[in-house]
Amino acid sequence: MVRVMLVNPQQGSRGWGSGRDPLDLDDLLPHHGLAHLAAVLKQQGHEVSLLDLRLMSGWEQARDEMEQAAPQVVGVTARTQDAGRAARCLAMASKTAPGALRLAGGIHYTMFPREALDAGAHKVLRGEGEVSLPAIIANPDLFNDITWGEPPELDALPFALRELLPDYRRRLLYPVWSLRPPIVDMLTGRGCPWGCRFCCGPGEKALYTRPSPRDPGKRIPYLRRRSVEHVMLELAELWQRYRFRSIIFHDDQFLIEPEWASRFCRAMHQAGYSRRGVSWWAACRADMICRHPGVIAEMRDAGLKVISIGFESFSDELLGWLGKGTTSAINRRAAAICQDLGLEVFANLILGIPREDGTWHREDDQISLQAIKEMAPNYFSHSFLSPIPGSWLYNWALEKELMLHQEHAQTGSRRPGRVLLRGVDYDELERMLAPVISRYQKFWRPRLEHYTYRLRSWRLARAERNLP
Ligand code: B12
Ligand code: SF4
């Protein structure tokens, strides 16, 4: 038995401590990658604890927690946005738990493994960790400093150990959008087959890989889905534990193979979740919605309530060169299909995208915001383009010398704190956005706040008592 401390260097939306008083998803949810690693480590008899920076009041508390846990292995994960804090956690471990084996992994270190070694990791595991992390812990000397994880058979994995995150049961009761608590979130697969140029697809395609059968020195993408049966088994276990009323499916894209989605919907009916009124949230591409409206209808009948669509833009010029594979007309049709089915549409836009020649045109964003006004989705989430390392667009923006900052904390962020791309007029963007945002704030912000505060005061406590 080895004492392993897994470290999530994520920072919540309001900085230190925001995970103790969750207001949005970044504050609320367990880190699934770590929850999966914890499940296999526990299965093998190890003692696993979690240091989650979202729950800490500052670095001092983080250090104290690590000191108290006295881990023999420290495993730090990193997404790009968190890489600065991840490096600091590795450095902290070298002082606070000097005898511990320091390991690093996650999408950022899969792409940039040397960064972890420079920050003090003994070994970096690229790719998926469920099979190889226990093997490294058992026998570290057998592994190179930078090593590829063996991809697991998803149906053979134990379910994510969500309760590694303290207070998990209480977190289920926080309302998210119009979903009724208790709310569980889960993943039905790994990876996305599309290749939008702004997305960290290349990073994901490195994360979810296996050696090529023809040339074992090369790695090839290994995207895969759990079987419907395995997903249903996990839901059954979650039902027993939490009697959830809503599910957030956090896959990049839920509708990848229509046959899988149809089988899943039938299984939801058979298991009685649709009858019990369980509703769910999932993300689907606009072109897939247009191609398979019948499957979307089946999903609605099986409980789909909120559908998140990455429209990104309504400018055909931008959609074309971003490699999104959709058009403004497809976007509008997808929204209409969902709205006709009575689904709540969660619309996502990226603003401040330069065209292929590197220049930003305000009319591209005007077109998008006008489309949102006409569509009147239930939810509207916007971000300003902040190219993320590992994406095609990041390299392009570097080549064009458009990036004014390259700190990890800013890249890929929904809310970059500072001006990011040369030539984009962010003040003008804010002015254009203001009337659209105020319209949505009028609708959902007060509702959300009302729910959050009312629930927190008394219903949370009551609901907690009613959990099985
Ligand atoms: C679900 C999700 C979210 C959820 C997370 C909720 C949750 N319950 O975890 C929410 C909505 C909160 C979210 C937020 C964001 N996300 Co997100 N998200 C995802 C998504 C779709 C799945 C993540 C996941 O659970 N994967 C499955 C697990 C098993 O994989 P994993 O975490 O990588 O862990 C495995 C390995 O990496 C490895 N491993 C991981 N850590 C360690 C540590 C050690 C020591 C070892 C040995 C191994 C190891 O083993 C694990 C098991 O195999 C991914 C895309 C994807 N398909 O991966 C994007 C993704 C991770 N998100 C991304 C981004 C950009 C964001 C945001 C910045 C969005 C924004 N603009 O605000 C925020 C940042 C939040 C943050 N600071 O972490 C990017 C990250 C790109 C990058 N370079 O970092 C991704 C890759 C999407 C993309 N293609 O662009 N996200
Ligand atoms: S933006 Fe969505 S559809 Fe496109 S590659 Fe990324 S996850 Fe896949």
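Glycine 45 comes after helix α2 and has a positive phi, near 90°. This is a predicted model, so treat that angle as computed.

Now α2 itself, residues 32–43. The helix has twelve residues and spans 16 Å from first C-alpha to last, close to the 16 Å expected at 1.5 Å a residue. Is α2 mostly covered or mostly open? Mostly covered, with nine of the twelve residues buried. Those buried are His32, Leu34, Ala35, His36, Leu37, Ala38, Ala39, Val40 and Leu41. The cover over them includes strands β1, β2, β3, β7 and β8, along with helix α7 at 132–138.

In soluble globular proteins, nonpolar side chains tend to be buried together. Here the largest nonpolar core holds 81 residues, and the members touching the most others are Ile247, Phe254, Phe264, Trp280, Ile296, Met299 and Ile307. Helix α10, residues 228–242, supplies the largest share of this core, seven residues. A separate core of 44 residues lies apart from it, and Leu34, Leu51, Leu101 and Val124 are among its members. Leu34 is also one of the buried residues of α2.

Back to tryptophan 280. Beyond its neighbours within four places in sequence, its contacts include Leu179, Ile247, Phe249, Phe254, Phe264, Met268 and Met299.

Last, the packing of α10 on α11, which is residues 258–270. The angle is about 35°, the axes are 10 Å apart, and the crossing is right-handed. On the α10 side the contact uses Val228, Val231, Met232 and Leu235; α11 brings Trp260, Arg263, Phe264, Ala267 and Met268. By class, that makes eight nonpolar residues, no polar ones and one charged.

Technical notes
Residues are numbered from 1 along each chain as its sequence is written. Chains are lettered from A and ligands numbered from 1 in the order in which they are written. This is a predicted model: local features need pLDDT of at least 70, side-chain atom pairs count only at pLDDT 80 or more; totals for chains, interfaces and linings use all residues. Side-chain values use heavy atoms; hydrogens and water are left out. A nonpolar core is a set of buried Ala, Val, Leu, Ile, Met, Phe, Trp, Tyr and Cys residues joined through side-chain atoms within 4.5 Å. Buried means under 20% relative accessible area, exposed over 50%, partly exposed in between (1.4 Å probe, protein chains only). Helices (H or I, at least four residues) and strands (E, at least two) are DSSP runs, numbered from the N terminus. Contact means heavy atoms within 4.5 Å. Axes are lines fitted to C-alpha atoms, for helices over the stretch in contact, and angles run from 0 to 180 degrees between N-to-C directions. A crossing is left-handed if the near helix is turned anticlockwise from the far one by less than a right angle, and right-handed if clockwise. Ala, Val, Leu, Ile, Met, Phe, Trp, Tyr, Cys and Pro count as nonpolar, Asp, Glu, Lys and Arg as charged, and the others, Gly among them, as polar. The expected span of a helix is 1.5 Å times one less than its number of residues.
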